[in-house]
Amino acid sequence: MAGRVPEVTVASSMEERYENTKKWLGSIRDLAGVHFMEPEFLGAPGGGTFSKIPNRKLASATPCSATSLQTFTPLLALCWGTSIRPTSVRRTAHKPVRTLWACPILELSNMVALNVLLAAKGQLAGLRDVLTDWSALGLVDGFVWVEPDMVTATGISGIAVTDGNQQAVSLQSLAAGAGNYDRVRVAVLVNAGADAVQVPTETAQRVALFLESSFGGRPVTRIRAVTARIQDLETVQELAHEGWHNVVFAPEESSGVNQGHSLLYSTVDPFEIGRHAAVNCAGILGMWHGMSGSVLDHEMLLPGTNARLVRAFYRNLDATAVEAELRSQVTNVGSACRCPLAWER
């Protein structure tokens, strides 16, 4: 213990070594018992900042990693007078944080599903922009955006979006960390509008097969999501493919289940297309922050090219009054305010 306890030196007597080591172990006991252990667990007082982890945000701030836990395992067992065997950490999307002797562990992107969105360039670019904005606000979890020209003979690249930040990645590099995910979803996004560019069938099949073969046997959910307008319903059936969950976003807009709805007519505005498609996409893929999974994760494929109709609800909030009040208070000079002081060389 001489290397760990600063007060213990070569010249220390046996009594001094005993007392200083006991004091040092007591400091670890107090730190772990208050800040990293649940109240009454093995007699610990708990009540500290990280004794209970209710959400991901707090877990991500925990100054504790798997490496440090392995280092201090024998010390914690010694301090609390018992031998504790770490329990296995079950991977779930809804509860990404489990405890190891009430000590939380959370690795980056761990215990979540990997959502890969495959779409052609063009009008669906608005969908990526909307989801990126929602990601920056913390409304949706991260995803990887792939376009057909990113699928080459040498590999599959994409754009990873997390917290509004975009970064170039390769699916091969993500596959190397397959243990961080409990499920993979690949969604081919289809625009049913006239003259819309589509993802080639062989490209979608290649991406799906790569995900199924390279992520350590993780279950892969295949989804073809068709965004359509009321005039496009005649061509929707042609866009469904066998072997996929074929879903069609209902061409209507409503603010609630029991509220009236309005039909959506054809448009070439990427934002209008993306705004409606994004809320459906986030719902069907389980992308909303805090969702426990997708409704399609455990559903059987429909036979042939049958499709499901998906309805989601989009509610607009007008923040004009709040913005005006904030601007008024920030620029208010009615009360005393500091004035710049002149100075001379």
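1. A residue is called buried under 20% relative accessible area, exposed over 50% and partly exposed in between, with a 1.4 Å probe and protein chains only. Y181 is buried on this scale, since its relative accessible area is 9%, and F215 also counts as buried, at 0%. This is a predicted model, in which local features need pLDDT of at least 70 and side-chain atom pairs count only at pLDDT 80 or more, while totals for chains, interfaces and linings use all residues. Residues are numbered from 1 along each chain as its sequence is written, and side-chain values use heavy atoms, with hydrogens and water left out.

2. Rings of Phe, Tyr and Trp (for Trp, the six-membered ring) pair if their centres lie within 6.5 Å, and planes under 30 degrees apart count as stacked, over 60 as edge-to-face and the rest as tilted. The whole structure holds 2 aromatic pairs by this search. The rings of Y181 and F215 have centres 6.5 Å apart and planes at 55 degrees, so this pair is tilted. It links distant parts of the chain, 34 residues apart, with Y181 in strand β7 (residues 181-191) and F215 in the loop between α6 (201-214) and β8 (220-227). Helices (H or I, at least four residues) and strands (E, at least two) are DSSP runs numbered from the N terminus.

3. The charged end of R222 sits over the ring of W244, 5.0 Å from its centre; the criterion is NZ of Lys or CZ of Arg within 6 Å of the ring centre and within 35 degrees of the ring normal.

4. Strands pair if DSSP finds at least two bridges between them. Strands β3 (residues 112-118) and β4 (residues 143-146) run parallel and are joined by 3 bridges, and V116 has V144 in β4 as its bridge partner.

5. In helix α4 (residues 125-136), the buried residues include L127, V130, L131 and W134. Among the elements that cover the buried residues of α4, with contact meaning heavy atoms within 4.5 Å, are β3, β4, β7 and α7. Just after α4, G138 takes a positive phi of about 80 degrees.
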